[in-house]
Amino acid sequence: MNPFSSGSRLRDMIRAIRASKTAADERAVVRKECAAIRAAISENDQDYRHRNLAKLMFIHMLGYPTHFGQMECLKLIASPGLPGKRIGYLGLMLLLDERQEVLMLVTNSIKQDLNHTNQYIVGLALCALGNIGSAEMARDLAPEVERLLKFRDPNIRKKAALCSIRIIKKVPDLAENFINPAAALLSEKHHGVLITGVQLCIDLCKISTEALEYFRKKCTDGLVKLTRDLANSPYAPEYDISGIIDPFLQIRLLRLLRALGQDDADASDAMNDLLAQVATKTESNKNAGNAILYECVAAIMSVEDNGGLRVLAINILGRFLSNRDNNIRSDHSRYVALNMLMKALAVDNQAVQRHRATILECVKDSDPSIRKRAVELVYLLVNESNVKPMTKELIEYLEASDPEFRGDLTAKICSIVEKFSPEKIWYIDQMLKVLSEAGNDVKDEAWHSLIVVITNASNLHGYAVRYLYRAVQAVGEQETLVRVAVWCIGEYGDMLVNNAGRLDIEEPLTVTESDAVDVVEASFKSESFDLTTQAMCLIALLKLSSRFPSCSEYVFFFILFRRRISSIIVQNKGSFVLELQQRAIEFNSIIERHQNISSSLVERMPVLDEATHSGRKAGSVPAAVSTSQGVSVNLPNGVAKPSAAPLVDLLDLSSDDAPAPSSSGGDFLQDLLGVDLVPVSSQSGTNQAHTSGTDALLDLLSIGTPPANSSPSTTQMSPSNVDTKSPVDLLDRLSSPSAPSVEVSTTAGSSPMLDLLNGFPSSPPIAVTEGNGPAYPSIVAFESSSLKLTFNFSKQPGDPQTTLIEASFTNKSQEVLTNFIFQAAVPKFLQLHLDPASGNMLPANSNGSIKQKLKLTNSQHGKKSLVMRIRIAYKVNNKDVLEQGQVNKFPREL
């Protein structure tokens, strides 16, 4: 016989397919067979229809398209005999799904078969409806299925219950029709019918609150008795699994009891004794017994509060964790126990804490999924009372953990240490241990936070830098550790060399200036570190060039020391990496040509604000910088300065807190780590912040304005000469070594800084209309030996967020002030706009004044007060003078 004729048997086709040596041969066999089947379908061959459909099902399982045979399924279902219907229903369930429109044609045939006298045909129809029934079919056939729930044969009742589950899921509105029949199934003696009836009740409880209340009132006692009888029943071989009677049915019953007892005190009281009995009498040395115990624990955790039962349940979970019996799947037990313990924490934290040691052992499990779950649970278990021992255990395990697991583990440890640290020295110790063991797996936010904590612990600066010095010599391959060490050596290198701030717990350490440079140089030249680390090393070298005042007493040694640093830096003047090349050229210029200002440029960083940094990490602090405009000034050669000039170097004021005595920690952190800052571009008549680049001097030299004190009212200034022939150049056109530096000493705590921004382009004036609102007192915003600034306030009616300020500048000295420029900036919750000043020359002896109008908009009016950082530049006898300060005592009514 031709193996590809329509009359060939299924086994012949399978044999021909298996004999194919290549995929192409297999496709050829399938193609020829499908052609023969198509020919038989077109000829309406009824003798071999069932055989052709069987072949199509096998071809479908191989992954080939068989849609052309779908109508053959319907024809076989409509045939009168059982063999044809059996193949037809099997093909229907395999070749079609509920999305096929062809399925609508078979609804009538299924309805007829559900009413058939042959129970096997009824069973076939129920199987088909339970597998691929659509919502339309469920509505049409629900009455027949409901009737079959009372059929005489238990197999039909079981299939009808399974079919009912699909119907109520497809059409929840029909759930109320199945409540009473489902309750009747709970009294069945046949376990197959009983288990499907229990599952039907569980699904009804999820879908219908009416069904849930009905089962609570009518069925709770019966279910408790049924479960107790089943647990105490004698040996029954037909239901026995590992010495336990029908664990599948027991599990289903416990799930139904859990649903009934949740949020219902009466139902919970009715089943408490049963749950205690199951929890204590079920054997735990078999997988079947552990499955029942797990469901019992889940039920105990879900029902109404019973402290004793919950402690018992958590103890069972503890046994799961410590079980190492090879005869059972202990890894599965540990995994589900960890999952359940995570849920139990919210219910009874103290009971879970008793198993803390066992949970910590699971962190060392060979199964990665168990390790991950255990770390998550340990993270939830940590509190102020146990943070030290648990952190110690986790760090000890970190040494032997797998590389792919270290990322999650270090993240959890860092979070625990930061959240529950009892003291800063402990925090620093633990973080440095983590950096030493797995520094390459630590996220940037963690070591940023460590630097913030170190800067705030003034009594631990020396301890931290010495700890880091030792650590980086021992494990210098951890890049994150190197970054923190390099930063601290650059900031506190003098404390490292002088052994300043040594604690009693420290061992003596002798470090010379050259030793400190050696560590930074070795890190800088390491080929395994990235650009960020190398840039931080360059900054540290620049700082070290001015960190050791004792060296200046020995001029020859001091010159050699600076030359060595300069030689390291200058090696990168020809670097192909633009960032390193630029830093090297500019830093070398500072060391070689501008020694008189280098100590001011690299002075120690101000204290970073921990609260601001934490808020910025959590995403609660916006990252924009508010800006203002100034007036343009003609340079000596008659060329106007560029219109774009960043104000970040003016202020470092990017915190949107209320007037505070310290600058924003987040901005200082960006500055000291070399992260891009947000510059400002001013345009005529507009106020917009653009991210077009970084403030060159702050980004390259990592300097910032020191924190301001509360009162900016008294300022003393001594003028100085500053060469401004080419102010565009930021480094090579700085003041000559012979020129005296600008010294500005204000109670606002301003830093010595050259005038990098001599002006802004002029812009159209702001229209300020005086309203008839309440009067506000004037304030002296700024006053020095030569200058006085007064603010007068007003508000427009109906706009409480906007404050109009008229600034009045008066010259108290006997010299005329020329090229006068006023600049200001505010935190992010404020918007500032400045009109051009009324002039750029102030007469001497208070014989005149310059007026300038400002407009402040407070987006958090009523919550946060106004605050402003100002900078004033002018010339006295052709010498540039810079004064700056902070205004934070605005009238509270504003």
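Here is a short chat about a predicted model of one protein chain.

Visitor: Hi! How many helices and strands are in the chain?
Guide: Hello! The chain holds 36 helices and twelve strands. Please keep in mind that this is a predicted model.

Visitor: And what share of the residues is buried?
Guide: Of the 894 residues in the chain, 53% are buried. The chain exposes about 39,400 Å², and carbon and sulfur atoms supply 50% of that area.

Visitor: What about contacts with a separation of 6 or more: what part comes from residues 24 or more positions apart?
Guide: Such pairs account for 71% of those contacts.

Visitor: Let's zoom in on α9. How many residues does α9 have, and how far does the helix reach?
Guide: Helix α9 runs over residues 154-170, which is 17 residues. From first C-alpha to last, α9 reaches 25 Å, close to the 24 Å expected.

Visitor: What caps its N-terminal end?
Guide: That's Asp153, with a side-chain oxygen 3.0 Å from the backbone nitrogen of Asn155.

Visitor: Which residues of α9 are buried?
Guide: Among them are Ile156, Arg157, Cys163, Ile165, Arg166 and Ile168.

Visitor: Nice, and what covers the buried residues of α9?
Guide: The cover includes α7 (119-132), α8 (135-148), α10 (179-185) and α11 (191-207).

Visitor: Switching to cysteines, how many disulfides are there?
Guide: The count comes to zero. Take Cys205: its nearest cysteine sulfur belongs to Cys201 and is 6.6 Å away, whereas a disulfide needs the two sulfurs within 2.5 Å.

Visitor: Is Cys205 buried or exposed?
Guide: Cys205 counts as buried because its relative accessibility is 10%, and the cut-off for buried is under 20%. Cys34 is buried too, with a relative accessible area of 6%.

Definitions and conventions: Residues are numbered from 1 along each chain as its sequence is written. This is a predicted model: local features need pLDDT of at least 70, side-chain atom pairs count only at pLDDT 80 or more; totals for chains, interfaces and linings use all residues. Side-chain values use heavy atoms; hydrogens and water are left out. Helices (H or I, at least four residues) and strands (E, at least two) are DSSP runs, numbered from the N terminus. The expected span of a helix is 1.5 Å times one less than its number of residues. Buried means under 20% relative accessible area, exposed over 50%, partly exposed in between (1.4 Å probe, protein chains only). Contact means heavy atoms within 4.5 Å. A polar contact is a pair of N or O atoms within 3.5 Å; within protein, one must be able to donate a hydrogen and the other to accept it, and residues adjacent in sequence count only if both atoms are side-chain atoms. Accessible areas come from the Shrake-Rupley method with a 1.4 Å probe; for residues, only the protein chains shown count as cover.
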